[in-house]
Amino acid sequence: MIFEIHNDILAVAVASKGAELQSIINKETGIEYLWSADPKFWAKKSPVLFPVVGGLKNNSYQYKGKTYQMARHGFARDMEFAVSRQTNEEIIFTLKNNGETFAKYPFEFSFSVSCSLHNNRLNTKYIVENKGQENMFFSVGAHPAFKVPLAAETGFEDYYLLFSKRENAGRWPLSAQGLIETMPLPFLNDTNKLPLHKSLFYKDALVFKHLVSAGISILSYKTTHGLRVNFPGFPYMGVWSAKGADFVCIEPWCGIADSVNATGSLEEKEGINLLAPQQIFEKQWSAEFF
């Protein structure tokens, strides 16, 4: 089912399946900022990644002597969430552990996704609660696909990414199995600007660890319309597009794909978050549209 929130500037639609954004429209300009999910390229719009981000080595992990199978980016994106709160400008979706999740993930949890509007900004908050009696290990992340180009008179190559701070950051290449290689490749060299061209993504996502920036904008010299994604406190970032497609994903992550030399142990997984019994984890990213 599709639910809507709105204010004077933005109209946003979110699906209960996967708590996935479906539309972000500026009511003043009529601009749609979210990708169309054309199945020729990629049939998703903004999947929520939980309880893992990226791929697992051999699509599995070990915990307390047992092996569990889990697909890339976890199961939440394919599950039906319940609406736990809704107003004109906010909606909260909640997923709780059940028999289906226990087969893949042996923890008692409540996972909520809050979407709320403030002027021209959409806030997305992830709330993870450990409902069990033992430590819980998890990752969580975003995967929103923003339409590029945004304006009719512009093309994909007329846009660029603007990082909020100058970066000296390598990109971490992905293996054919989607695992993080052992060494980064030189990429951003004392710059805050990355011109967009489709060949950037021919070898999969641009994966960054520990950027100094807490925001990335999609801008163009040919239009004043664009957006800025703010992600304070997210240690990993993916930037991705399907080959030849007219979108760019800006993906703040609290977690990352397994490395090629990962042990498979959930407790030893890079970027994994530990949540003590009855504790709550909250992290928010936001996007401003203009």
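**Figure 1. Lysine side chains sit over aromatic rings.** In this predicted model, Lys209 lies over the face of Trp172, 3.7 Å from the ring centre. Lys198 lies over the face of Phe156, at 5.3 Å from the ring centre.

Figure 2. A pair of aromatic rings is described by the distance of the centres and the angle of the planes. The structure holds 27 aromatic pairs.

**Figure 3. Ring pairs build a cluster.** Phe50 and Phe75 belong to a cluster linked by ring pairs.

**Figure 4. Nine strands form an open sheet.** What is the order of the strands in this open sheet? The order is S6-S7-S8-S9-S21-S17-S16-S13-S14. The pairing is antiparallel. Strand S6 (82-86) and strand S14 (185-195) are the edge strands, and each pairs on one side only. From one strand to the next, the twist averages 20 degrees. Strands of a sheet pair through backbone hydrogen bonds, either parallel or antiparallel.

**Figure 5. Strand S8 is mostly covered.** Strand S8 spans residues 109-118. How many of its ten residues are buried? Nine of the ten are buried. Strand S7 (residues 90-96) is joined to S8 by seven bridges, and the two run antiparallel. Here Phe93 stands opposite Val113 in S8.

**Figure 6. S8 and S9 form a hairpin.** Ten bridges pair S8 with strand S9 (residues 121-130) in the antiparallel sense. Across this pairing, Ser110 stands opposite Glu129 in S9. Two residues lie between the strands of the hairpin. Asn119 is in the turn and has a positive phi of about 55 degrees.

**Figure 7. S13 pairs with S16.** Strand S13 covers residues 159-171, and strand S16 covers residues 215-220. Five bridges pair them in the antiparallel sense. Leu162 has Ser217 in S16 as its bridge partner.

**Figure 8. Three strands make another open sheet.** The order is S1-S2-S3, with antiparallel pairing. Strand S1 (2-6) and S3 stand at the edges. Each has a single partner strand, so one side of each is left without a neighbour in the sheet. Neighbouring strands of this sheet are turned by 20 degrees against each other on average, direction ignored. Strand S2 (residues 10-15) and S3 run antiparallel, joined by six bridges. Ala13 has Ser23 in S3 as its bridge partner.

**Figure 9. Ile5 is buried in the model.** Ile5 has its place in strand S1. It counts as buried because its relative accessibility is 1%, and the cut-off for buried is under 20%. Ile5 and Thr87 are 82 residues apart in sequence. In space, Ile5 and Thr87 are 7.4 Å apart, C-alpha to C-alpha.

**Figure 10. Cysteines without disulfides.** A disulfide is a covalent bond between the sulfur atoms of two cysteines. How many disulfides does the structure hold? It holds zero. For Cys115, the nearest cysteine sulfur is that of Cys249, 16 Å away. Cys115 is buried, with a relative accessible area of 2%. Cys254 is buried too, with a relative accessible area of 3%.

**Figure 11. The whole chain for context.** The protein chain has one helix and 21 strands. Buried residues make up 57% of its 290 residues. Along its principal axes, the C-alpha trace spans about 55 × 45 × 35 Å. The radius of gyration is 19 Å, which agrees with the value near 19 Å for a compact globule of 290 residues.

Note on methods
Residues numbered from 1 in each chain as written. Predicted model: local features only at pLDDT ≥ 70, side-chain atom pairs only at ≥ 80, totals over all residues. Heavy atoms only, no water. Pairing = 2+ DSSP bridges. Helix = DSSP H or I, 4+ residues; strand = E, 2+ residues; numbered from the N terminus. Axes fitted to C-alpha atoms, helices over the stretch in contact; angles between N-to-C directions. Disulfide = S-S within 2.5 Å. Buried < 20%, exposed > 50% of the residue type's maximum accessible area, 1.4 Å probe, protein only. Phe/Tyr/Trp six-rings, centres within 6.5 Å; stacked < 30°, edge-to-face > 60°. Lys NZ or Arg CZ within 6 Å of the ring centre and 35° of its normal. Rg over C-alpha atoms; globule rule 2.2 N^0.38 Å.
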